[in-house]
Amino acid sequence: MHEVGIADSIMGITKDVARENGLTRITNITIQIGQFTAIEADALDFAFQLMTKDTPVEGAELVIEKTPLLLRCKKCEGEYSGEIDNLSCPLCGAEDYMILQGREMVVKSISGEKIG
Amino acid sequence: MGKSTKTQTIPVKTRILSENDRLAAENRAWFVKQGIFVVNLISSPGSGKTTLLVDTLNALKGKQHCAVIEGDQQTSLDANRIAETGFPVRQVNTGRACHLDASMIKNAVSELAVTGLDILFIENVGNLICPAEFDLGEHCKVVLMSVTEGEDKPLKYPVIFHLSRAVVMTKMDLIPHLRYDPLLAEKNIRKINPQAVILRTSTYTSDGLQDWLDWLVTQKSHLPL
Ligand SMILES: Nc1nc2c(ncn2[C@@H]2O[C@H](COP(=O)(O)OP(=O)(O)OP(=O)(O)O)[C@@H](O)[C@H]2O)c(=O)[nH]1
Ligand SMILES: [Mg+2]
Ligand SMILES: [Zn+2]
């Protein structure tokens, strides 16, 4: 379950952001996970809930936005949403592409309560 | 006292693994400076990583200065096998973690304390999923798939096959006993990674070992990458 390591990194980023912005209680963390990553959303959510117990992040909602896979064919220049188990171009059949989207793993925003 | 709280949303846009990536970049910069070619070997448990490594090291003896970092959740069994070749080795036990990360490599490298290295092999924890997203600072990932695992592994674990520069089909000597189609396996690899170099090896017959060694030495000669 490497999602524990991922959840741990999210916690680290959250603590930094909370400190820098004076947030006392975290209510929402929105992350983006590409469709073509080795991250399982359910496992990540599970690991996150366990990890945040008894911390200022406990109870925060983890919103996981999945970004779909998007590729561009280098041969016909067409853009297509590839299959996870077949990245080749459905338009011309070429096996020469670049991934435009689907590999991201990003903390997008963090919401929390602030006194004042 | 009317101390009120208000909710604020902070835009962040930080890569989740940014801390690991930072350490990996430090590792990579150091490897490049030292002229060390670093290979991260990844496969399911038991696909033949350590066996191939032992044969590789024995073949490179007197030609390339090598060292090995062995990642396993438990035991130093693999490190002991490597140590018999006479090359320096560090065992990293990851405990509950199912993959190596950049900080583990940083520590292991400092403990190895060897100079004048040509090639550093990292054997990752046997697993096709967890190691995929953790950059160690290596120059390339190599994924091994043994023929007993079936032709479909690239399709089931596409991320690691996509990220690897070479795929080694191991245990080719077993083909006569199996209904395994190497061409279908290659076709599946191509769907995920058209650029991958595909090699076939058997440590029992030594078939394909020379191709693998040649590939390694060529990659090494292309440094810095
Ligand atoms: N028939 C055959 N068996 C092999 C070959 N290479 C390795 N094996 C056997 O496969 C088993 C596992 O090999 P290892 O090298 O320990 O595999 P590994 O990938 O290092 O395993 P973990 O580190 O536990 O993930 C051993 O019993 C080896 O003898 C091969 O080329 N042919
Ligand atoms: Mg091993
Ligand atoms: Zn095309």
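Predicted model: local features only at pLDDT ≥ 70, side-chain atom pairs only at ≥ 80, totals over all residues.
Before looking at any helix pair, I noted how axes are handled: they are lines fitted to C-alpha atoms, for helices over the stretch in contact, and angles run from 0 to 180 degrees between N-to-C directions. Helices (H or I, at least four residues) and strands (E, at least two) are DSSP runs, numbered from the N terminus.

Residues are numbered from 1 along each chain as its sequence is written, chains are lettered from A and ligands numbered from 1 in the order in which they are written, and side-chain values use heavy atoms, with hydrogens and water left out.

**Entry 1: chain B overall.** I looked up the make-up of chain B and found eight helices and eight strands. Its C-alpha trace spans about 80 × 40 × 35 Å along the principal axes. For burial I used relative accessible area with a 1.4 Å probe and protein chains only: buried is under 20%, exposed is over 50%, and partly exposed is in between. By that rule, 54% of the 225 residues of chain B count as buried. Contact means heavy atoms within 4.5 Å. Among the contacts in chain B between residues at least 6 apart in sequence, 72% join residues at least 24 apart.

**Entry 2: a helix pair.** How do α1 and α4 of chain B cross? The axes of α1 (residues 18-34) and α4 (residues 102-112) come within 8 Å, and the crossing is at roughly 35°. I also checked the hand, which is left-handed for α1(B) and α4(B); that term applies if the near helix is turned anticlockwise from the far one by less than a right angle, and right-handed applies if clockwise. On the α1(B) side I listed B:Asn20, B:Leu23, B:Ala24, B:Glu26, B:Asn27, B:Trp30 and B:Phe31, which meet B:Ala102, B:Ser103, B:Ile105, B:Lys106 and B:Val109 in α4(B). The residues of this contact divide into seven nonpolar, three polar and two charged. Here Ala, Val, Leu, Ile, Met, Phe, Trp, Tyr, Cys and Pro count as nonpolar, Asp, Glu, Lys and Arg as charged, and the others, Gly among them, as polar.

**Entry 3: the zinc ion.** Donors are N, O and S atoms within 2.8 Å of the metal (3.2 Å for Na, K and Ca), and water is not among the atoms, so sites may look incomplete. Which residues coordinate the zinc ion (ligand 3)? I found A:Cys73, A:Cys76, A:Cys89 and A:Cys92, each through SG, at 2.3 to 2.4 Å. The arrangement is tetrahedral because the four donor atoms subtend angles of 106 to 114°; the cut-off for four donors is that all angles lie between 85 and 135 degrees. For reference, the ideal angle for four tetrahedral donors is 109.5 degrees. In sequence the zinc donors are spaced C-x2-C-x12-C-x2-C. A:Cys76, in the loop between β3 (70-73) and β4 (79-80) of chain A, and A:Cys92, in the loop between β4 and β5 (97-101), are 16 residues apart and link distant parts of the chain. A:Cys76 counts as partly exposed at 35% relative accessibility, and A:Cys92 counts as partly exposed at 35%.

Entry 4: Most residues other than glycine have a negative phi. I therefore looked up B:Ala113, whose phi is positive and near 45°, and B:Ala113 counts as exposed at 63% relative accessibility. B:Ala113 lies in the loop between α4 and β5 (119-123) of chain B. B:Ser206 has a positive phi of about 70° although it is not a glycine. I placed B:Ser206 in the loop between β8 (197-200) and α8 (209-221) of chain B, and it is partly exposed at 41%.

**Entry 5: one last residue.** B:Leu223 sits in the segment after α8 of chain B and counts as buried at 18% relative accessibility. Leaving aside neighbours within four places in sequence, B:Leu223 is in contact with B:Gly35, B:Ile36, B:Phe37 and B:His139.

Definitions and conventions: Tetrahedral: all angles 85-135°; square planar, octahedral: opposite > 155°, others 65-115°.
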